[in-house]
Amino acid sequence: MSQEFGLFDQFQQSQVYQGPSRRTGFGGPGYSDPFRRSQDSSGYTTGNSTRDRRGSDANTLDEQPIFKKIKTFNVTKLEEQISHVTVSDEKVVYVQGHQIWQYDLRKKTNTPAELPKKTASIDDKVSKIFQDPTGQHVIISTAGGENYYLEGGKGSKKLKHLSKLRGVCIESVAWCPHREPTDQSTHPILLGTNKGVLFETEIEPQNEELMKALKKQMTGGSLEKYVKELHVVDLEKAEKVTGLLLQPFENDKRRFISIVTTPNRIFQFIGDLLNDTPVYGGLFTNRPLAFHEIPGNLSYSNFCTWAPNPLDSPKKFAWLTGAGVYFGILDFTNREAKSVTVDCELIQLKQVNRQNPDSYPLYICMTEFHCILAFKDRFEAVSLLNMQIIFQDNVSNRSVNHKGMCRDPMTGDVWLYSEKHFNRYVIQNEIRDVWRCFLEKGDYDTAKKYCRRNTYQMDRVNRAQAESFFKRANFNDAAECYAQTSISFEEVALKFIQA
């Protein structure tokens with residue numbers, strides 16, 4: 001156990017920050033970076049020094065990289081390889097063989113839990129692990145259809161069998177958005193399987209003997225209060241459910257939408273909550289109100305969302321497909337809407353060999369302005385504003401391949417892992433170049449919002465806006481904009497005289 005503890009103990013010592021992390025906006029306005037910039041930080045910077053080009057009043061934030069890799073940890077001494085990782089609220093859950101480890105980055109505790117001997121003896125392997133945003137609930141699913149529950153954040157060493165879900169291979173989970181962080185129960189959640197079936201269940205840990213005896217009378221001793229099948233996505237294809245989202249509408253908390261993805265299709269189911277279980281049954285009584293298919297040759301896909309603050313309603317989504325990354329805005333304001341996805345676009349993956357599935361991204365996650373892609377040999381961030389790659393981190397050792405990636409929904413940090421090491425990427429200055437992207441789009445008002453009182457940036461935007469007005473012979477507005485630039489009065493006067 002000392003080897004595993006040393007892995008994260010070394011990581012904890014490399015951090016400046018101590019204590020709980022609740023970063024607002026993951027790099028948006030009001031963001032405060034808890035990590036100091038170090039000499040070994042990596043990121044994307046363009047041109048010469050900001051101070052050299054822009055004067056002494058340039059904000060030091062404009063010199064910081066957007067992404068910073070904290071450190072790489074090699075765990076070659078460990079016999080078992082890392083196969084799965086999930087991180088929520090600074091709680092890292094990772095799988096090595098038949099052991100599920102829980103490492104709490106704040107408490108600096110690392111606790112193992114073993115798969116039952118019966119499961120291990122038949123060489124059944126963990127296929128998926130899921131952790132709710134608060135890090136309190138962990139679900140483990142095996143390739144053989146055995147499922148287990150682990151109480152997160154409490155150092156529990158015992159996996160509890162989910163007997164009512166025996167034979168179900170879980171591929172995705174949608175956690176209840178109504179659940180309070182202090183609740184012990186998961187409340188009703190959605191499960192998507194490898195055969196395209198959607199189930200609803202509720203898991204409530206048994207902590208006390210009295211509760212255990214009571215639940216034995218009510219549920220037969222199982223942690224699941226109930227398990228009910230809701231819907232089969234496609235009876236003919238039986239595609240696995242690769243992504244799930246549950247969300248109420250803003251003006252009607254009993255009106256819900258569920259977004260369901262398969263490798264090539266994305267569905268939207270909308271309906272009202274029922275008063276009895278299954279509470280989400282009203283969403284799936286009819287055909288999906290919205291459906292979109294993107295052909296591709298991938299056997300998997302990946303769905304993710306971005307929210308401005310932890311536990312808030314998501315505002316954006318991204319979906320990895322064989323054709324690229326499909327992304328857009330999520331709008332939950334209109335309860336009568338047939339679709340909540342708007343302004344959707346597709347990022348085409350130019351460096352992907354469509355005849356070679358190994359060249360595709362393994363996983364994606366997103367921030368407010370970037371889509372992050374994990375390939376076997378590199379880590380990339382693509383701007384959602386101009387579709388350009390703004391950051392790339394290649395694997396230095398060709399014998400090492402990435403296995404997956406996840407993002408901590410509470411801190412916004414991105415974790416990339418291989419069989420023997422972890423990388424943690426901190427998003428510390430995401431809005432640095434946003435003003436320039438909006439400037440290139442001709443959206444001058446939005447560009448000004450992201451200039452952060454930087455005189456150089458504001459001057460660039462005002463000049464461009466003035467030129468735009470001038471070219472359209474809108475001389476009054478052009479004059480007002482020129483007055484806010486550093487261009488001399490004589491130069492502007494001459495320009496108007498010659499017009």
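Mentor: Gladly! A residue is called buried when its relative accessible area is under 20%, exposed when it is over 50%, and partly exposed in between, using a 1.4 Å probe and protein chains only. This is a predicted model, in which local features need pLDDT of at least 70 and side-chain atom pairs count only at pLDDT 80 or more, while totals for chains, interfaces and linings use all residues. Residues are numbered from 1 along each chain as its sequence is written, and side-chain values use heavy atoms, without hydrogens and water.

Let's start in the loop between H7 and H8, where you will find alanine 473. (Helices, H or I with at least four residues, and strands, E with at least two, are DSSP runs numbered from the N terminus.) With a relative accessible area of 47%, alanine 473 is partly exposed. Although alanine 473 is not a glycine, its phi is positive, about 60 degrees.

Now step into helix H8, which covers residues 475-482; here Ala478, Cys481 and Tyr482 are buried. These three lie on the same side of H8, because the arc they cover around the axis is only 100 degrees; that arc is taken from the directions from the helix axis to the C-beta atoms.

What do the buried residues of H8 pack against? Their partners are helix H7 (455-471) and helix H9 (489-497), where contact means heavy atoms within 4.5 Å.

Histidine 187 sits in the loop between strand S10 (170-174) and strand S11 (189-193), and its relative accessibility of 27% makes it partly exposed.

One of the bridge pairs links isoleucine 170 to threonine 193 in S11. As for S10, 5 of its 5 residues are buried, so this strand is largely enclosed by the rest of the structure.

Definitions and conventions: Pairing = 2+ DSSP bridges.
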